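Hi,

Here is the structure I promised to pass on. Have a look at it first, and then read my notes below.

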Amino acid sequence: MFFENVKINLKLTRQRVKKALNCVLLVLSFSACLNAQNNLSATIDFQVSNLTLADALWELSEITNIPMTYSDNDLPKGISSYSFKSKSIRYILSKMLDETNLDFNFVDNQIVIFRSKSYQVSGYVEDLSSGERLIGASVYNAGSDQGTVTNIYGFYSINVDVTSPDLRISYIGYESKTFDTSLKKRENLILQLTPNLTIEEVVVTERSNFDSNSYAGFFSDQNLSGEIQKMPALGGELDYMRLLQQMPGVQSGTDGLGGLYVRGGNADQNLVMLDGVPIYNPYHALGLVSIFDEQVIKKVTYYRGQFPSRYGGMISSVVDVRTKEGNNKEYKFSAGIGLIATKAKAEGPIANGKGSFLVSARRTHLDPFLRSYSKKKRMEDGDSGFYDYSFGEVVAKANYSITPRVKTFLSFYRGKDDYQNELRIDEEDAGFLYEEEENQELGWGNTVAAIRLNYQITDKLFSNFTSTYSRFFFQSDENRYFKFQDGLDFEDVARYKETFLSNITNSAFKIDLDYVPNSSHYIRTGIEYSHNVFRPGVLATQDSSFFTFDEIKDELRSAKGNEVNEVNAYVEDEWLIHKNLGMNVGLYSSFFFTEDKNYLLLDPRITVNWQMSKPFSFHFSANKVNQPLHLLTRSGSGFPNDLWVPATQNVKPQEAWIFDIESRVRLNTAWKMEIHAYFKKMNNLINYIDGADFTSSGTSISAFNWEDKVTVGQGQSQGIEFLVKKEKGKYQGWVSYTLSETTRQFDDLNDGETFPFRFDLRHVLSIVGAIDLTEKWSVNGSWNYRSGSNINLAYSDWQYIRQDGTPDIFFFDLQDRNSFKLPSYHRLDLAAKYQKSSDWGKWSLNLGVYNVYNQRNIFYVRPEFDPITQIQKYKSTSLIALLPYFSFNIEI
Amino acid sequence: MRRCNYILGLAIVLTLTMMSCEHDFDVDVPRSTQNVVLANFTPDEPMKVYVSSTVPIGNVDSSSMKYPNNADVTLYANGAYEADLIYTPSHDGGLPYYRSSAKMSPGVTYDIEVHVIGNPISTSSNKIPKGLELVTTEVVSIKEEVDDEFEGLVNVTANILLNVEDNTTGESYFHLKGSAFESAFNEMSIVNGLDHLNILHEEGILIKMPDSNSSNTSIQLEVSFYHFPEFELRIPFEIEIRKCSRDYYLFHRSVGEQELSNFRDGLLSSQSVQIHNNIVDGVGNFSSYVASIHSVEW
């Protein structure tokens, strides 16, 4: 019982009363609601100065007429002053006992004050040099055997044992540090870590159920932030989406093109978020490079099966990308140039460190060379014109602490890809004249903005209010002109114009709460309103002059899109049932309102975490996930002209059940191993029906009949995933291997028979390694192998003969859907890095080779027939051959 | 510095060139030819089977097509040997085929075996559906409009209700064909929301009826055709209702979809269609139907 060690002092002595007279006592008023029952909720004004806590408590007892019981030995002897106006007795008591290791209770009409076994500490974990708050840093108290990690704003709240008040803080890339909290304030306690260039990757705490490298041991998420430097970079661009392709359970198209396919899911089933805002196409250059510039990324977390309930809306994976907030200690500038792009970043403090800003930009510099090269090439071919391509992006962020408990954030991202092609052909022969002009312009990109406010309501309750905007657009304009003259009177002139517009816009307001009631529970809850506008693709063509083209484009631009409203809510509790047994249970719900149908989607989630012995842990999770959006994709490739569409009355939201069993083995501080077995069942997937056309023509908006072009079916995937990782020391890296099988079944495809998924890659193997040779030199490399993807292929043609015996059209002898397996894909990348620090800053040079042994991996296949030899062939094309690259970066 | 710029530019161009290069190489696919077997058979008529071979990809020239005259085509009825089909040379513009002497019967399952030297033996099986129990036709409305451009021509649009009694369980499949004055209708369409596809290669409409407890099904059809009152009598037009096997329906539906797809600018902008195939070790279609022809007075 609480009272066992408490000496009861039933009567306050006369001596203490006299002593109190030496102090200033001012009682301004009693609240009217204070009654005979000694209600602790009653409000009073209370002000005392220069009293010991014992005397101040006596005064409070006198004023409130509530007896108090406590042990003198437990009370601190220092002198304090207190002043409260219109505050409840409970509030006043809690403030007076704050930071004393004392607690109180109201029993039998008296207040009992006793020594507590623990106290709550809350605050933030920061980078010492930049003030950047650290996401996912582990916070551990050995005395209470409690651990937690900081949330996405660097906030933590933990119960600390009074007998062992040290907090051990560790984070990837930082020196672990221990803080004594007994002599510090316990609210808004800032704990700062120093970056560690030698990278002590992981600290395994004494608490067996607590793995500092994963989300408190509950979720098998992958924190990718520390891994990016171990990877060779295509074209010198370190890319988190490419890093994801090295992780178990993740498959992709050739050379990374075509998006991510996680555990048999489609490319549209990944929730990719930039600072909590959904991104609908996170790629530049058709998937070759992601929009996430490594220089501004703070943390990337990836979930592939065990989804916390705070994430919802996509059924295969979550990629949560968080960007840096900016240095609030000093101004910093960095710049870099690589084979593909040039980039720069500036950051610094605002208002004497109360805030910070960050601005960065990145742009390709290949377009002048592409234009020059293509001009020359076309001249050699007897034509004229050019083509070029570029992408660019800018990130701007600012934050400001209004009070220690309130902080605001602004963030903005804008990225765009541009492709232009101009071609002119002039041919003249024997009086015949032929002219052709072609002009194509394609543009696509994302715009993302967010306003955020963090408010730490109490030491146990943290809130976040966010308003976000995200837009992805794609536009294509094409002009063609043909002219033919026969040298006499005949002249034929044709003009053709076409434009295609597609976009999806999302605006949302969201409230998130983190509540830590005690050491056994960590509760997260939130609610969001989201408004989406879809314009799933409109096409305008004109081959005559009934309307002007601009009129048609204006009509398209002003066309009302398909509007969808969502109200999403979630609640989850991380529940530490026993020292070795934990559970995360939660629910994500979504009310999805479309123009013709409303859906209530419920996603129950549960993850159980059992630490069998010190190195071995076992995890089980069952997740239901819903996705109210579909992607109309011609090739499953995640190209920018794919169309996002909402669920409708006929096409229901995608849904999946995911079951995951995992065993983790922590061999020592450097080595760890994970084995997963999963089963995933997906329903309401869509696919184009056979013969569906991908465009709609005409001078009106006519692409809204997409429901007629798709068929609805299901998918299934099961597999085993292995990951062996060395996270510490001179040699680091990992081996990941996935053995899986994925199928699809649609009533209207393949005669209703089940067929392999296009990316049903039976074996996927990645080996990644990095070696620190010296302080300045390091090398790394990766080798990837995966089974070939499955495609539709015709082995021959055949001719249909009508029932009346007359010959008709020829058909491809298309085999069963996805029955042809392409050759396996494999590739080796190597890179070396030299880095040097000096008084003015630091610089680094990266040299690397992509596809070292020049493997010709197949990008696409086309049929070809040699009429002379009468031999049929399929020719295939590879994309990126051996590619040397460099990048140079400087930071001052 | 200029030299440095030159080297940098050259490096970028070179690497870009390497990056964008296409490297062609062969993909191994099975190269052997297969039999193409096509037969749509119906009761009270002999079986006609067209036999040809697949051709290399891209070699879509009718002159390159070969129709073997020495194939062994064997027919089985309900599992028992029925006959070896006889080669019938090309005549009246039609291609050569193999035919049976006996006529087919409803409700019988027919198997076929086709052996052409050099190709694998192809087999298939199909059961002729039972006949339609009752079909009545009812002209709901007739609309006649004088054509503005051609003097003396009248555009006739008829709305017809077909009442079909079908006791089959599960989904059922129909192929509607129609004609007036010995030519196909200008337009024929379903107006009561049934799952259907207008096909060109065999002119008509394919319909899939869902499984229902009722044996009565109504098909509301709208047809239009031309009529020259000065030169033509108001003779009845004809509607043929074929009750098809599932293989018949799936094959002709996929062929129809591919044809429509080709009209939409071919494979570049369309999903290619997988033609339904029920020939083992070959391609094509071996399927059956029962037909009922009705004259409609107007």
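This is a predicted model: local features need pLDDT of at least 70, side-chain atom pairs count only at pLDDT 80 or more; totals for chains, interfaces and linings use all residues.

Residues are numbered from 1 along each chain as its sequence is written, chains are lettered from A and ligands numbered from 1 in the order in which they are written, and side-chain values use heavy atoms, leaving out hydrogens and water.

Let's start with chain B. Four of its strands make an open, antiparallel sheet in the order β5-β4-β8-β9. β5 (80-84) and β9 (122-127) of chain B are at the edges with a single partner strand each, so one side of each has no neighbour in the sheet. On average, neighbouring strands here are turned by 25° against each other, direction ignored (axes are lines fitted to C-alpha atoms, and angles run from 0 to 180 degrees between N-to-C directions). Inside the sheet, β4 (residues 72-77) and β8 (residues 109-115) of chain B are joined by six bridges, and T74(B) sits opposite E113(B).

Now for chain A. β38 (residues 654-666) pairs antiparallel with β35 (residues 616-627) over twelve bridges, with N626(A) facing E655(A). Twelve bridges also link β38(A) to β39 (residues 671-688) of chain A, again antiparallel; there I661(A) has A677(A) as its bridge partner. β38(A) and β39(A) form a hairpin with four residues between them.

Two residues of β38(A) are worth a look. R664(A), in this strand, is buried at 7% relative accessible area (buried is under 20%, exposed over 50%, partly exposed in between, with a 1.4 Å probe and protein chains only). Its side chain makes a polar contact of 3.2 Å with that of H619(A), meaning a pair of N or O atoms within 3.5 Å, one able to donate a hydrogen and the other to accept it. F659(A), also in β38 of chain A, is partly exposed at 34%.

F659(A) belongs to a nonpolar surface patch of about 1,000 Å², whose members include W575(A), F618(A) and W657(A). β32 (562-578), β35 and β38 of chain A each supply at least two of the patch residues.

Cheers

Definitions and conventions:
Two strands pair if DSSP finds at least two bridges between them. Patches are made of residues with over 30% relative accessible area and no salt bridge: like charges are joined within 9 Å, nonpolar side chains (Val, Leu, Ile, Met, Phe, Trp, Tyr) within 5 Å. Accessible areas come from the Shrake-Rupley method with a 1.4 Å probe; for residues, only the protein chains shown count as cover. A salt bridge is a side-chain nitrogen of Lys or Arg within 4 Å of a carboxyl oxygen of Asp or Glu.
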